[in-house]
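Please walk me through this structure, step by step, for someone who has not seen it before.

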2 protein chains.
Amino acid sequence: MDHLKQQLGFLKEIDQLKGVIRQTPLMDKSRQENSAEHSWHLAMYALILSEYANEPVNVGRVIQMLLIHDIVEVDAGDVPLHGSGDKTEQAEREQAAANRLFGLLPDKQGASLRELWDEFEEASTPDARFAKSLDRLQPVLHNLATEGGTWDKFNVDEAMVLQRCGPQIAKGSEAIWDWVKGEIQQHFG
Amino acid sequence: MDHLKQQLGFLKEIDQLKGVIRQTPLMDKSRQENSAEHSWHLAMYALILSEYANEPVNVGRVIQMLLIHDIVEVDAGDVPLHGSGDKTEQAEREQAAANRLFGLLPDKQGASLRELWDEFEEASTPDARFAKSLDRLQPVLHNLATEGGTWDKFNVDEAMVLQRCGPQIAKGSEAIWDWVKGEIQQHFG
């Protein structure tokens, strides 16, 4: 059962994602979100909101992408969108983390999940663009619901939010961006 | 956009699942697991371990079931397997919670997810039996990795673990149960 042991070893290793803390506050402001529960929430976003994707998507694949999209943070940590972390260095750390973590799995399975993660990172398909759109949308909704959230914390104004979030959300769903843009304008207005 | 607002309302409401604390310790023993990150972890179990299911399963459906299986705990809370809570009262609370929570969604979507949740609860299909098997397996692996976990806490012995976990795990995967049973015997032996 070496095959099974490798797989359970991977599932044990990724338990650490529950300890990676993001900047986004929970809706009740009790604490900041971790990357494991964030991944669950995004998978639920995909399940509920797929009808708004610009292009036809395979919901099952989008969900799988979102389940694994942050796993590299076990090694590389989370770099906040509005923070000052170096995005190039972070990308290198994430590549090394992907090599190590997906490498824990049996070869064929590890390669298949690595391809799915690469597809997400490259945003080269409708599934990946929609997944990335939801990943950018969710923190916006948490900031709106908590009267500022990370925008206040990092002194981010309306123009910066529109510029940092608009393109990525709209590439996956114009319909959702149309709506949430209005909410952002109302928040800052 | 009332349709979208209903859906975002649901996604906001279920954020509370991140605040429902289970008995299971994280692998590093730093704290107890919450039900949102638990749901993410189980969805990953399904993605990685589906080859061991006794019967052919639709992995996408199993993942969806596991993503939503604990949502009712937003209202009903978590009743630990090894605790003394009343399982009948809990089942009633969960039915009421399912009515309220899935009722927040547009009718057709809410009904469809409610059906999926009912299927999980009834364990009446191969997909549901495999999902339930993983839900019972994961805490066992956390207890094994933390030298006792909730077994120590609730004074649970080997016979009780085998009786409370064996049937549900084996119904979904004899292969996994064969392996994990050996690990349990070694732990207590």
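**A walk through the two chains**

With a relative accessible area of 23%, A:Ala123 is partly exposed, because that class lies between the cut-offs of 20% for buried and 50% for exposed. The model is a predicted one. A:Ala123 sits in the loop between α6 (107–122) and α7 of chain A. The phi angle of A:Ala123 is near 50 degrees, which is a positive value in a residue other than glycine.

The counterpart in the other chain can be described in turn. B:Ala123 lies in the loop between α6 (107–122) and α7 of chain B. Its phi is likewise positive, near 50 degrees, in a residue other than glycine. B:Ala123 counts as partly exposed, at 23% relative accessibility.

How are the two chains related?

Helix α7 of chain A covers residues 126–145 and has 20 residues. At 1.5 Å a residue, α7(A) should span 28 Å, and its end C-alpha atoms are 29 Å apart, which agrees. Is this helix enclosed or open? Of the 20 residues of α7(A), 17 are buried, so the helix is largely enclosed by the rest of the structure. After α7(A) comes A:Glu147, with a positive phi near 55 degrees.

In chain B, helix α7 (residues 126–145) contains B:Phe130. B:Phe130 has a relative accessibility of 1% and so counts as buried, the cut-off being under 20%. What is B:Phe130 in contact with, leaving aside its neighbours within four places in sequence? The contacts are B:Leu49, B:Ser50, B:Tyr52, B:Ala53, B:Val57, B:Val62, B:Gly172 and B:Ser173. B:Gln168 is 38 residues from B:Phe130 along the chain, and the C-alpha atoms of the two are separated by 8.9 Å.

Another buried residue belongs to chain A: A:Leu17 has a relative accessible area of 0%. A:Leu17 is placed in the loop between α1 (2–13) and β1 (21–25) of chain A. Apart from neighbours within four places in sequence, A:Leu17 touches residues of chain A including A:Asn34, A:Ser35, A:Ala36 and A:Ser39. Its contacts also include A:Asp70, A:Ile71, A:Glu73 and A:Val74, and, in chain B, B:Trp40. A:Ser35 is 18 residues from A:Leu17 along the chain, with 5.8 Å between their C-alpha atoms.

How many cavities of 30 Å³ or more does a search of the whole structure find? The search finds one. The largest cavity has a volume of about 30 Å³. Its lining is made of A:Gly60, A:Ile63 and A:Gln64 together with B:Gly60, B:Ile63 and B:Gln64. The elements that give two or more residues to this lining are α3 (59–68) of chain A and α3 (59–68) of chain B. By class, the lining of the largest cavity holds two nonpolar residues, four polar residues and no charged residues.

How values were computed. Residues numbered from 1 in each chain as written. Chains lettered and ligands numbered in written order. Predicted model: local features only at pLDDT ≥ 70, side-chain atom pairs only at ≥ 80, totals over all residues. Heavy atoms only, no water. 1 Å grid on protein atoms, 1.4 Å probe; cavity = no way out; pocket = protein on both sides within 12 Å on 5 of 7 lines; lining within 4 Å. Points joined across faces, edges and corners; volume = space filled by probe spheres on them. Helix = DSSP H or I, 4+ residues; strand = E, 2+ residues; numbered from the N terminus. Nonpolar A, V, L, I, M, F, W, Y, C, P; charged D, E, K, R; others polar. Expected span 1.5 Å × (residues − 1). Buried < 20%, exposed > 50% of the residue type's maximum accessible area, 1.4 Å probe, protein only. Contact = heavy atoms within 4.5 Å.
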